[in-house]
Amino acid sequence: MEALYASLSDSAGRTPPSAPIRAFVDAVVARFPELDMDSGPECPWASAPLIDEAVGDIIYFPMTYSGAEFARDPVAEVAASLGLVCYDPQAEQLLAEVAASQSEQPSPEPSETQPTAGWWRRILGRD
């Protein structure tokens, strides 16, 4: 997460969002409009514009706690439909893995859906 935060904070050397990430943002803001002065509790986003949270093939989209309760899974489904992977840093799990295991087994145990500790560090190359 630290490497992701550093890349998002470095506006000078920032890589523009990739086409799949742009398509993802377009799809999720069509379903859950951007945060603005008129947004109410139906807006899950904690920042705007959402596309500004993207760097290359990665987007970190902050959500409000209440917004995450109702929008996390639909947003992950949008990501999966576009061939993207959605990771929940709060739950430390890949959301596509959760959805797949839930469809195969009606009530998986949490240990079956959570990746091993350090998974995110391996993705960022911080073993």
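Among contacts in the protein chain between residues at least 6 apart in sequence, what percentage join residues at least 24 apart? The answer is 48%, where contact means heavy atoms within 4.5 Å. Welcome to a predicted model, in which local features need pLDDT of at least 70, side-chain atom pairs count only at pLDDT 80 or more, and totals for chains, interfaces and linings use all residues. Residues are numbered from 1 along each chain as its sequence is written, and side-chain values use heavy atoms, with hydrogens and water left out.

**Overall layout**

- The protein chain holds six helices and four strands; these are DSSP runs (helices H or I, at least four residues; strands E, at least two), numbered from the N terminus.
- Along the sequence, the elements come in the pattern α-α-β-β-α-β-β-α-α-α.
- Of the 127 residues in the protein chain, 32% are buried (buried means under 20% relative accessible area, exposed over 50%, partly exposed in between, with a 1.4 Å probe and protein chains only).

**Salt bridges around Arg72**

- Searching the whole structure turns up two salt bridges, each defined as a side-chain nitrogen of Lys or Arg within 4 Å of a carboxyl oxygen of Asp or Glu.
- One of them pairs Asp88 with Arg72 at 2.8 Å, N to O. This pair links distant parts of the chain, with Asp88 in strand β3 (residues 87-88) and Arg72 in helix α3 (residues 65-81), 16 residues apart.
- Shared partners join Arg72, Asp73 and Asp88 into one network of salt bridges.
- Asp73 forms its salt bridge with Arg72, and the closest N and O atoms are 3.1 Å apart.
- Not counting residues up to four places away in sequence, Arg72 touches Met63, Gly67, Asp88, Ala91, Gln93 and Leu95. Arg72 and Leu95 lie 23 residues apart in sequence, and their C-alpha atoms are 8.8 Å apart.

**Ala76, also on helix α3**

- Ala76 is found in helix α3 and is buried, with a relative accessible area of 11%.
- Leaving aside neighbours within four places in sequence, Ala76 is in contact with Cys86 and Leu95.
- Ala76 and Asp88 are twelve residues apart in sequence, with 9.3 Å between their C-alpha atoms.

**The nonpolar core**

- The largest nonpolar core has 19 residues, of which Phe24, Val28, Trp45, Leu50, Ile59, Phe61 and Val75 touch the most other members. Such a core is a set of buried Ala, Val, Leu, Ile, Met, Phe, Trp, Tyr and Cys residues joined through side-chain atoms within 4.5 Å.
- Helices α2 (19-31) and α3 are the elements that give two or more residues to this core.
- Beyond four places in sequence, the contacts of Trp45 include Val28, Leu50, Phe61 and Val75.

**Helix α2 against helix α3**

- The two helices pack at an angle of about 145 degrees, with their axes 10 Å apart; axes are lines fitted to C-alpha atoms, for helices over the stretch in contact, and angles run from 0 to 180 degrees between N-to-C directions.
- Phe24, Ala27, Val28 and Arg31 of α2 make the contact with Pro74, Val75, Val78 and Ala79 of α3.
- These contact residues divide into seven nonpolar, no polar and one charged (Ala, Val, Leu, Ile, Met, Phe, Trp, Tyr, Cys and Pro count as nonpolar, Asp, Glu, Lys and Arg as charged, and the others, Gly among them, as polar).
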